[in-house]
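Have a look at the fold below before reading on.

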Amino acid sequence: MRQVIANLRMVLAGCGAEWERTVFARAYLTKFERDYAAMNAIWEASFPPGGLPGRPCVGVTGLAVEALVEIDLAVAF
């Protein structure tokens, strides 16, 4: 999860956007029961207090390249 967030921050910076301007995200977990609590704690810690974007989290049976987590997001410019 930390690597996914680091990757997203890098992509956003390359586009001239800021992580803190995320307004919506969708997370996909292949091991939902096992990983949700840890993923959520890392997610919450990556935003300022009171600045969490809307975010559903979905359990899936598989992701590309055997990933455990994938996130798509929308950012306000």
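Which residue in E2 does Ala 27 stand opposite? Ala 27 faces Cys 57 there.

## Ground rules

What you're looking at is a predicted model, where local features need pLDDT of at least 70 and side-chain atom pairs count only at pLDDT 80 or more, while totals for chains, interfaces and linings use all residues. Numbering starts from 1 along each chain as its sequence is written, and side-chain values use heavy atoms, with hydrogens and water left out.

## The sheet

Helices (H or I, at least four residues) and strands (E, at least two) are DSSP runs, numbered from the N terminus. Three strands make up an open sheet, ordered E2-E1-E3, with mixed pairing; two strands pair if DSSP finds at least two bridges between them. Strand E2 (57–59) and strand E3 (69–75) are the edges, each pairing on one side only. From one strand to the next, the twist averages 15°; axes here are lines fitted to C-alpha atoms, for helices over the stretch in contact, and angles run from 0 to 180 degrees between N-to-C directions.

Strand E1 (residues 22–29) is antiparallel to E3, and seven bridges join the two. Arg 26 has Asp 72 as its bridge partner in E3, and Ala 25 stands opposite Leu 73 in that strand. On the E2 side, E1 runs parallel to E2, and three bridges join them.

## How the helices sit

Helix H1 (residues 2–14) lies across E1 and E3, at about 35° to E3. Helix H2 (residues 32–45) also packs on the sheet, in contact (heavy atoms within 4.5 Å) with E1, E2 and E3, and its direction makes about 155° with that of E1.

Together, E1, H2 and E2 give a right-handed β-α-β unit. The handedness is read with the strands pointing away from the viewer: the path from the first strand over the helix to the second then runs clockwise.

## Inside the core

In soluble globular proteins, nonpolar side chains tend to be buried together. A nonpolar core here is a set of buried Ala, Val, Leu, Ile, Met, Phe, Trp, Tyr and Cys residues joined through side-chain atoms within 4.5 Å. Buried means under 20% relative accessible area, exposed over 50%, and partly exposed in between (1.4 Å probe, protein chains only). The largest core has 18 residues, and the members touching the most others are Met 1, Ile 5, Trp 19, Met 39, Trp 43, Val 69 and Ile 71. H1, E1, H2 and E3 each supply at least two residues, with H1 giving the most, at four.

Why does Ile 71 count as buried? Because its relative accessibility is 10%. This residue belongs to strand E3, and leaving aside neighbours within four places in sequence, Ile 71 contacts Met 1, Val 4, Leu 8, Ala 25, Arg 26, Ala 27 and Trp 43. Trp 43 has its own list: not counting residues up to four places away in sequence, Trp 43 touches Met 1, Ile 5, Trp 19, Ala 25, Leu 52, Pro 53, Arg 55 and Ile 71.

## Rings together

The structure holds four aromatic pairs. Rings of Phe, Tyr and Trp (its six-membered ring) pair if their centres lie within 6.5 Å; planes under 30 degrees apart count as stacked, over 60 as edge-to-face and the rest as tilted. Trp 19 and Trp 43 are edge-to-face, at 5.7 Å centre to centre and 80° between the planes. That pair links distant parts of the chain, 24 residues apart: Trp 19 is in the loop between H1 and E1, Trp 43 in helix H2. Trp 19 and Trp 43 are buried.

Trp 19 also stacks with Phe 47, at 4.8 Å centre to centre and 20° between the planes. Here the partners are 28 residues apart, Phe 47 being in the loop between H2 and E2. Phe 47 is buried, as is Trp 19. Ring pairs join Trp 19, Trp 43 and Phe 47 into a cluster.

Most residues other than glycine have a negative phi. Val 65, though not a glycine, has a positive phi of about 50°. Glu 66 also has a positive phi, near 55°.
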